[in-house]
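Subject: Structure for you to look at

Hello,

Here is the structure I said I would pass on. Please open it alongside this message; my notes on it follow.

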Amino acid sequence: MKKIIIILLIFPFFSLANPTLKPASKDVDNYKELNVGICYLGFPYPGFSFLWGKSIYYSNNTVLDYQAGLAFPTFVTGKIGYGLGNINSKVLLSIRPFPGTIGFQYDRRKILFSIEKMVGGFAESFGDNIIGDGWIVTLGFRLR
C-alpha cells in the first residue's frame, strides 16, 4: 500500500516532461532560505537548516521548487516540490530523500510552512516502532 501511495504522489513530476511547459527567464526565482523546525520521533527534537533553492514557474500555474543545503542534525538536506501557485503564493507536494519524508509546503514569498510525514527506514529505526509518529514541521524564511 505504501508503494502505491508513493507512486501516486510522484506521478505529478512526470508532467514536467511536456515540452510546452518551458519556463521563461522571468519565471525563475533563486533564493536562500533559513528554516527552524521540530522533528517528532515519539519525542520532539529541534533542528534548523540553511538552503539554496530555485523555483520555476510554468505558464499553467504549476511550480517546480528544489533546494539543498546544510542542516542540523542531519548535516545536509534537500527537498523537491511540485504544485500550484505563482511567485507570491504556492502550495507544493514535497519529497525529501533524507530523512525520507513526503509532505506539503505552503509558501508566501518570504515565509513558508511545511509539514512532512516520515516514511521508510529512518522512522522505523527509532523508538518502539513509531512509524506512525514520525513528523517534521518547519517554519522558513526566504532571503532574496
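Two strands count as paired if DSSP finds at least two bridges between them. Strands are DSSP runs, numbered from the N terminus. Please keep in mind that this is a predicted model.

The barrel

Eight strands close into a barrel, and their order is E1-E2-E3-E4-E5-E6-E7-E8. The pairing in the barrel is antiparallel. On average, neighbouring strands of this sheet are turned by 25° against each other, with direction ignored. As background, the strands of a sheet pair through backbone hydrogen bonds, in either a parallel or an antiparallel way.

- E1 and E2 run antiparallel and are joined by 13 bridges. In this pair, Asn30 has Lys54 in E2 as its bridge partner. The hairpin of E1 and E2 has two residues between the strands, and Gly42 takes a positive phi near 90° there.
- E2 and E3 are also antiparallel, with ten bridges. Here Ser49 stands opposite Ala71 in E3. Four residues lie between the strands in the hairpin of E2 and E3, where Asn61 takes a positive phi near 65°.
- E7 (residues 111–118) and E8 (residues 134–143) run antiparallel and are joined by seven bridges. Phe113 has Leu139 in E8 as its bridge partner.

The largest pocket

The volume of the largest pocket is about 450 Å³. Which elements give two or more residues to its lining? They are E1 (28–41), E2 (44–57), E3 (62–72), E4 (75–85) and E8. E1 gives the most, with seven residues.

In total, 29 residues line the largest pocket. Those that lie nearest its centre are Cys39, Phe72, Pro73, Thr74 and Ile136. By type, the lining divides into 18 nonpolar, eight polar and three charged residues.

A loop residue

Ile87 is found in the loop between E4 and E5 (90–96). Is Ile87 buried, exposed or partly exposed? Its relative accessible area is 33%, so Ile87 is partly exposed; that class lies between the cut-offs of under 20% for buried and over 50% for exposed.

Leaving aside its neighbours within four places in sequence, Ile87 is in contact with Asp29, Tyr57 and Arg109. Ile87 and Ile56 are 31 residues apart along the chain, and their C-alpha atoms are separated by 9.1 Å.

Regards

Notes: Residues numbered from 1 in each chain as written. Predicted model: local features only at pLDDT ≥ 70, side-chain atom pairs only at ≥ 80, totals over all residues. Heavy atoms only, no water. Axes fitted to C-alpha atoms, helices over the stretch in contact; angles between N-to-C directions. 1 Å grid on protein atoms, 1.4 Å probe; cavity = no way out; pocket = protein on both sides within 12 Å on 5 of 7 lines; lining within 4 Å. Points joined across faces, edges and corners; volume = space filled by probe spheres on them. Nonpolar A, V, L, I, M, F, W, Y, C, P; charged D, E, K, R; others polar. Buried < 20%, exposed > 50% of the residue type's maximum accessible area, 1.4 Å probe, protein only. Contact = heavy atoms within 4.5 Å.
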